[in-house]
Amino acid sequence: MNLIDGNQIASEVLNELSNRVSHFNSGKPCVVFVRVGEDPASVSYVKKKERTAQSIGIDAQLRVFPTSISEEDLLAEIDQLNTDTSVHGILVQAPLPNHIDEVTVFNRVSPQKDVDGFNAVNLGKLCQEQPDAFRSCTPAGIIELIKRSGIETAGKRVVVLGRSLIVGKPVGMLLLNRSIPGNATVTFCHSRTHDLPSLTKQADILIAAIGKPNFVTVEMIKTGCAVIDVGINRVSDDSRKSGYRLVGDVDFEQVAPKTSFITPVPGGVGPMTVAMLMANTVQAFEQIQKSKTS
């Protein structure tokens with residue numbers, strides 16, 4: 001069993017990006033984070049993104065709006081950022097209040113500044129395998145983990161647990177692409193899938209992104225399977241000061257010995273999501289600069 005160290009790989013990616021940014025002679029990338037409300041998890045996550053951006057030379061700005069903001073007003077704020085030539089990337093932190101439609105908001109972000117990769121244009125470009133597409137950050141991070149760990153994907157069977165627009169669908173599309181990593185045979189599984197273990201046992205690579213703690217058990221995988229655990233779930237733990245601990249969608253202790261590769265939780269996919277957001281921001285800056293000279 002090889003443990004995939006997401007922290008180490010994310011650090012490598014960020015060091016490479018920092019070097020690229022340091023060589024820019026026409027300014028530096030600027031990303032704006034849009035947060036609605038004071039959800040503790042969102043506050044913490046955006047702060048981490050800000051710190052990471054600043055550490056590699058990206059200008060990070062924050063716009064905070066009250067939960068009472070209307071969808072119309074939020075869209076107007078995004079329109080203003082879309083037209084601001086000093087801004088290269090825009091990220092709207094989810095979740096949004098119930099009265100605001102997330103898909104509508106994500107699609108309002110300019111495709112050229114959509115560093116989260118959620119705009120329909122970028123999702124379409126992803127399916128068309130266009131190189132200028134912004135890939136959703138978590139799926140892009142998974143691909144980077146697979147690539148840098150030397151996990152073979154061509155001709156392999158990948159089973160994806162989950163069909164969300166944020167992880168499941170795009171990561172499956174990326175692994176179908178005619179690229180490296182890619183060229184895999186991909187099966188999507190979800191809440192309506194029948195006889196799930198019969199499918200997961202066929203996986204050479206299993207990607208778990210369903211948000212259910214310890215859902216994947218040792219009986220569900222075959223020996224030598226590579227397991228990418230996207231889940232981050234809180235479970236009660238009286239021995240911890242916080243009263244809880246974080247676990248993935250995979251029963252790590254039981255499953256790990258049977259795998260060829262596996263990501264831990266925390267410290268696996270999570271750090272890569274932030275690193276790939278930075279990569280998308282640098283890409284956005286480079287593409288906008290190129291468009292100015294063409």
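Predicted model: local features only at pLDDT ≥ 70, side-chain atom pairs only at ≥ 80, totals over all residues.

Me: How many nonpolar residues does the lining of the largest pocket have?

Reply: The largest pocket has a volume of about 1,300 Å³, and 44 residues line it. Its lining includes twelve polar and eight charged residues. The number of nonpolar residues in that lining is 24.

Me: Which element supplies the largest share of the lining of the largest pocket?

Reply: Several elements each supply at least two residues of this lining, among them β4 (89-92), α6 (137-149) and α10 (269-293). Nearest the centre of the pocket lie Y45, Q93, T138, I232 and T273. The largest share, seven residues, comes from α2.

Me: What is the volume of the second largest pocket, and which element gives the most to its lining?

Reply: The volume of the second largest pocket is about 290 Å³. Of its 14 lining residues, R135, I143, L174, N177 and S179 are the closest to the centre. By class, the lining comprises seven nonpolar, three polar and four charged residues. With three residues, the element that gives the most is α6.

Me: Which strands stand at the edges of the six-stranded open sheet, and why is one side of each left without a neighbour?

Reply: The sheet has parallel pairing and the order β1-β11-β8-β7-β5-β6. Each edge strand has a single partner, so one side of it has no neighbour in the sheet; these strands are β1 (2-3) and β6 (185-189).

Me: Which residue in β8 stands opposite L206?

Reply: Strand β7 (residues 205-208) runs parallel to strand β8 (residues 225-229), and four bridges join the two. In β8, the residue opposite L206 is V227.

Me: What angle does the direction of helix α7 make with that of β6?

Reply: Helix α7 (residues 168-176) packs on the sheet, where it touches β5 (157-161), β6 and β7. The angle between the directions of α7 and β6 is about 170°.

Me: How many charged residues belong to the lining of the largest cavity?

Reply: A search of the whole structure finds one cavity of 30 Å³ or more, and the largest cavity holds about 40 Å³ of space. Its lining consists of I90, L91, V92, F106, V109, D114, D116 and F118, with the largest share, three residues, coming from β4. Six of the lining residues are nonpolar and none is polar, while the charged residues number two.

Conventions: Residues numbered from 1 in each chain as written. Heavy atoms only, no water. 1 Å grid on protein atoms, 1.4 Å probe; cavity = no way out; pocket = protein on both sides within 12 Å on 5 of 7 lines; lining within 4 Å. Points joined across faces, edges and corners; volume = space filled by probe spheres on them. Nonpolar A, V, L, I, M, F, W, Y, C, P; charged D, E, K, R; others polar. Pairing = 2+ DSSP bridges. Contact = heavy atoms within 4.5 Å. Axes fitted to C-alpha atoms, helices over the stretch in contact; angles between N-to-C directions.
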